Amino acid sequence: MKNKFIKIFCIAIVGAMTLASCDKGFEEMNTNPNALTDPAIKSMFTLAEIYVDGQDYSNTRGNNIYAAQIVQQFSSLGGSGSKYTYSSEYSGALFGESYGKGLNQIFQLLSVVKDTPENSNMIQACRIMKVFMFQKLTDTYGEIPYFEAAKGYNGNVFAPKYDTQEAIYNDLLKELDEAGDALDANKAFVGNADLYYQSDIPQWKKLANSLMLRVAMRLSKVNPAKAKQYVEKAFTKGVFTSNDDSLVLKHDSGPQGVKTNPITSSWVRNDLNGGEANTKFSKTFIDQLKNNNDPRLRIYAKLEATGDNNPANQQGLANDAKEFPGGDKKLFSDPNTSTVLRLDAPTLMMSYAEVEFILAEAAVKGWNVGVSAQKHYEDGVKAAMQVLTIFGDKVPAVSLAEYNTYMTAHPFKAAGTEAEKIEQIITQKWIVLLFNGFEAFSEYRRTGYPVLVPVNDPLGETKGTIPRRLIYDQSELITNAVNYKEAISRQGLDLMTTRIWWDKQ
């Protein structure tokens with residue numbers, strides 16, 4: 001597979017491994033004193049964690065420009081996601097970067113770490129991180145190389161076959177189930193080299209089970225029995241129970257690159273320009289919060305040119321817009337650079353709120369997840385509001401009184417239909433998934449919520465329907481043509497309108 005995005009930096013990965021010799025002094029003579037004699041596995045693990053959520057390349061092109069605009073969290077006049085147009089560079093960004101960086105880093109680590117009891121927790125954590133990345137990939141494109149991915153390290157497989165999404169999902173669930181159980185607090189880990197939970201094994205177990213919820217619920221239409229089985233299993237094992245459990249990756253304001261927030265850094269560096277950004281909040285998103293007096297709006301948005309975060313003055317750009325109404329970009333809302341768009345803003349990779357919304361949906365379906373759908377829903381909304389404190393104190397946090405006022409005005413539709421309840425739940429999930437456009441895009445396709453008005457642009461690829469997937473990295477037509485063609489012969493043409501396996505009407 002073409003690894004055109006690989007860039008080895010931050011650490012030296014593997015030094016020369018010398019063989020023992022009966023000739024006294026031979027080993028010392030033939031050892032480079034400047035080389036590492038063992039892989040720096042803790043540093044490799046840290047870099048893998050950073051890469052799991054992607055870097056600037058895939059987040060700018062695949063997330064901000066495509067997925068987040070398709071689901072109308074953001075909008076841009078010429079945005080591929082807003083208008084459903086095709087850009088090979090943007091559409092294939094996640095595919096190329098994931099195999100070339102994140103998965104490559106994890107597989108490199110697994111290829112050099114010894115399978116011993118003292119390394120067991122690191123290996124299980126790598127299995128969990130692989131699931132995180134592979135689910136995003138398969139949800140975005142459909143069939144992908146999975147079982148033969150990275151076999152170039154030890155199997156000389158440089159053109160890996162694509163696997164069906166059903167087979168991939170079965171293995172993702174198995175991996176989470178096994179890895180979570182195998183994590184052992186009595187065994188060594190990596191200390192502070194673990195950026196996620198500082199080697200707290202019970203937290204990693206909760207992550208494995210919470211991720212199992214996400215994976216399992218994606219099967220709710222294509223295999224509801226299996227979805228129910230694994231949602232209930234994950235809940236029984238133990239999932240996130242507070243915002244302290246949320247998977248949050250912290251960042252620094254510099255230097256530019258690995259340490260800065262991959263969602264915000266290119267936006268701030270290249271596009272924001274004192275309110276002259278081409279990408280703005282979508283009218284759909286701003287109206288949802290503004291029309292419902294949502295107290296989160298002051299934290300999420302502001303007019304960058306003036307620093308105004310007054311909710312009454314926020315204005316989103318329609319996704320079908322051909323120009324900025326009034327001709328002034330500065331009158332349209334940007335992500336707030338005091339909070340969510342700081343260069344060092346943390347990445348909320350998976351939240352406790354998301355877990356509660358999954359459980360709320362499961363309860364609506366009658367699955368055994370403890371308390372009622374209403375309780376899970378209310379706890380999810382509260383968590384989604386309170387978790388915003390991770391973005392600092394320059395904007396007042398949402399108070400308990402504001403949450404209570406919001407819930408009084410917008411109570412859970414306990415007497416509504418199943419569809420009405422799920423729409424309410426998924427709409428709230430869509431809000432908390434801001435900046436996680438890939439996941440919001442997957443949930444929209446699975447559920448049809450929130451209700452979005454499609455854009456029918458003459459240059460669009462979908463004839464006025466909302467896309468169902470992104471198109472593969474086109475380098476695959478050259479480097480892996482046989483397997484690529486076999487995949488689309490099963491799945492359907494490599495188009496934005498082709499539905500993937502779990503995407504059932």
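Trainee: How many helices and strands does the secondary structure of the protein chain come to?

Mentor: In this predicted model, the protein chain has 20 helices and eight strands.

Trainee: What makes the radius of gyration of the protein chain agree with that of a compact globule?

Mentor: For 505 residues, a compact globule would have a radius of gyration near 23 Å, and the protein chain has 23 Å, so the two agree. Along the principal axes, the C-alpha atoms fill a box of roughly 80 × 50 × 50 Å. Buried residues account for 57% of the 505 residues. Of the contacts between residues at least 6 apart in sequence, 75% join residues at least 24 apart.

Trainee: Why are H2 and H7 called roughly parallel?

Mentor: Two packed helices are described by the angle between their axes and the distance between the axes. Helix H2 (residues 41-52) and helix H7 (residues 120-141) pack at about 25 degrees, with their axes 10 Å apart. Angles under 35 degrees count as roughly parallel, and H2 and H7 are therefore roughly parallel to each other. Their crossing is left-handed. On the H2 side, the contact includes Ile41, Phe45 and Ala48, and on the H7 side it includes Met122, Ala125 and Cys126. By class, the residues of this contact are eleven nonpolar, no polar and two charged.

Trainee: What makes H17 roughly antiparallel to H18?

Mentor: The axes of helix H17 (residues 418-432) and helix H18 (residues 437-447) come within 10 Å and cross at roughly 165 degrees. Angles over 145 degrees count as roughly antiparallel, and H17 is therefore roughly antiparallel to H18. Here too the crossing is left-handed. Ile426, Lys429 and Trp430 of H17 meet Ala440, Glu443, Arg446 and Thr447 of H18. The contact of H17 with H18 has three nonpolar, one polar and three charged residues.

Trainee: How do you know that Gln165 is buried?

Mentor: A residue counts as buried under 20% relative accessible area. Gln165 has 2% relative accessibility, so Gln165 counts as buried. Gln165 lies in helix H8 (residues 165-182). Neighbours within four places in sequence aside, Gln165 is in contact with Thr138, Asp139, Gly142, Glu143, Ile500, Trp501 and Trp502.

Trainee: Why is Leu183 called buried?

Mentor: The cut-off is again under 20%. Leu183 has a relative accessible area of 4%, and is therefore buried. Leu183 is found in the loop between H8 and helix H9 (201-217). Residues up to four places away in sequence not counted, Leu183 touches Asn121, Gln124, Ala125, Ile128, Ile201, Trp204 and Lys205.

Trainee: How far apart are Leu183 and Ile201 in sequence and in space?

Mentor: Leu183 and Ile201 are 18 residues apart in sequence, and their C-alpha atoms are 6.7 Å apart in space.

Methods
Residues numbered from 1 in each chain as written. Predicted model: local features only at pLDDT ≥ 70, side-chain atom pairs only at ≥ 80, totals over all residues. Heavy atoms only, no water. Axes fitted to C-alpha atoms, helices over the stretch in contact; angles between N-to-C directions. Helix = DSSP H or I, 4+ residues; strand = E, 2+ residues; numbered from the N terminus. Parallel < 35°, antiparallel > 145°, perpendicular 65-115°, else oblique. Left-handed = near helix turned anticlockwise from the far one by under 90°. Contact = heavy atoms within 4.5 Å. Nonpolar A, V, L, I, M, F, W, Y, C, P; charged D, E, K, R; others polar. Rg over C-alpha atoms; globule rule 2.2 N^0.38 Å. Buried < 20%, exposed > 50% of the residue type's maximum accessible area, 1.4 Å probe, protein only.
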